[in-house]
Amino acid sequence: MSFLRDLSVGARSLVKTPALAIVCVGALTLGIGLTTMMFSITYGAIMRGLPYPDGDRIDVVYRTNPALGGGRQSISLQDYHDVSLQQRSYAQLAAFTGGTMNVSGKERAERYSGSWVTSNLSE
């Protein structure tokens, strides 16, 4: 009985102050939406894993330069070729880089986001 009385008092106070009601509904909407998004990301990346055979064995190799703060830097194509010839730790090494490119046909060219990959990336 007390719960129903509290509920009716809360509903009356929200009717008296519609701005507060809008803020409350907006906060609940954002909270539920962000929680759902974070669960989807976590489930997709950690629980389900990558959509590749032996996806847990895929690794990304970066280089670092302590003189520049030690942050991750991409590897140049020449360094990739040198590393792929000399490395013994991986069964296979592939490379990719992202960017934008122009694609044209008979009509005007259009700009797309894409990646350049080595031919052995899908093996």
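This is a predicted model: local features need pLDDT of at least 70, side-chain atom pairs count only at pLDDT 80 or more; totals for chains, interfaces and linings use all residues.
**Entry 1: helix α2**
I started with α2, which runs over residues 18-47 and has 30 residues. I looked up its reach from the first C-alpha to the last and got 42 Å, close to the 44 Å expected at 1.5 Å a residue. Then I checked what comes just after α2, and found Gly 49 there with a positive phi of about 85°.

**Entry 2: aromatic rings**
I searched for aromatic pairs and the structure holds 1. The partners are Phe 39 and Tyr 43, with ring centres 6.0 Å apart and planes at 20°. Planes under 30 degrees apart count as stacked, so I wrote this pair down as stacked. Both residues sit in helix α2, 4 residues apart, so about one helical turn separates them.

How exposed is Phe 39? I got 57% relative accessibility, and since the cut-off for exposed is over 50%, Phe 39 counts as exposed. Tyr 43 has a relative accessible area of 41%, and I noted this residue as partly exposed.

**Entry 3: the largest pocket**
Next I went to the largest pocket, which holds about 1300 Å³ of space. Which elements give two or more residues to its lining? I found α3 (77-86), β3 (96-103) and β4 (110-117). I counted 33 lining residues, and those nearest the centre are Asp 59, Leu 93, Ala 94, Ala 95 and Leu 121. Sorted by class, the lining came out as 20 nonpolar, 9 polar and 4 charged residues.

Conventions. Residues are numbered from 1 along each chain as its sequence is written. Side-chain values use heavy atoms; hydrogens and water are left out. The expected span of a helix is 1.5 Å times one less than its number of residues. On a 1 Å grid over the protein atoms alone, a cavity is a set of points where a 1.4 Å probe fits but cannot get out, and a pocket is an open set with protein on both sides within 12 Å along at least five of seven lines; lining residues have an atom within 4 Å of a point. Grid points are joined across faces, edges and corners, and a volume is the space filled by probe spheres set on the points. Ala, Val, Leu, Ile, Met, Phe, Trp, Tyr, Cys and Pro count as nonpolar, Asp, Glu, Lys and Arg as charged, and the others, Gly among them, as polar. Rings of Phe, Tyr and Trp (its six-membered ring) pair if their centres lie within 6.5 Å; planes under 30 degrees apart count as stacked, over 60 as edge-to-face and the rest as tilted. Buried means under 20% relative accessible area, exposed over 50%, partly exposed in between (1.4 Å probe, protein chains only).
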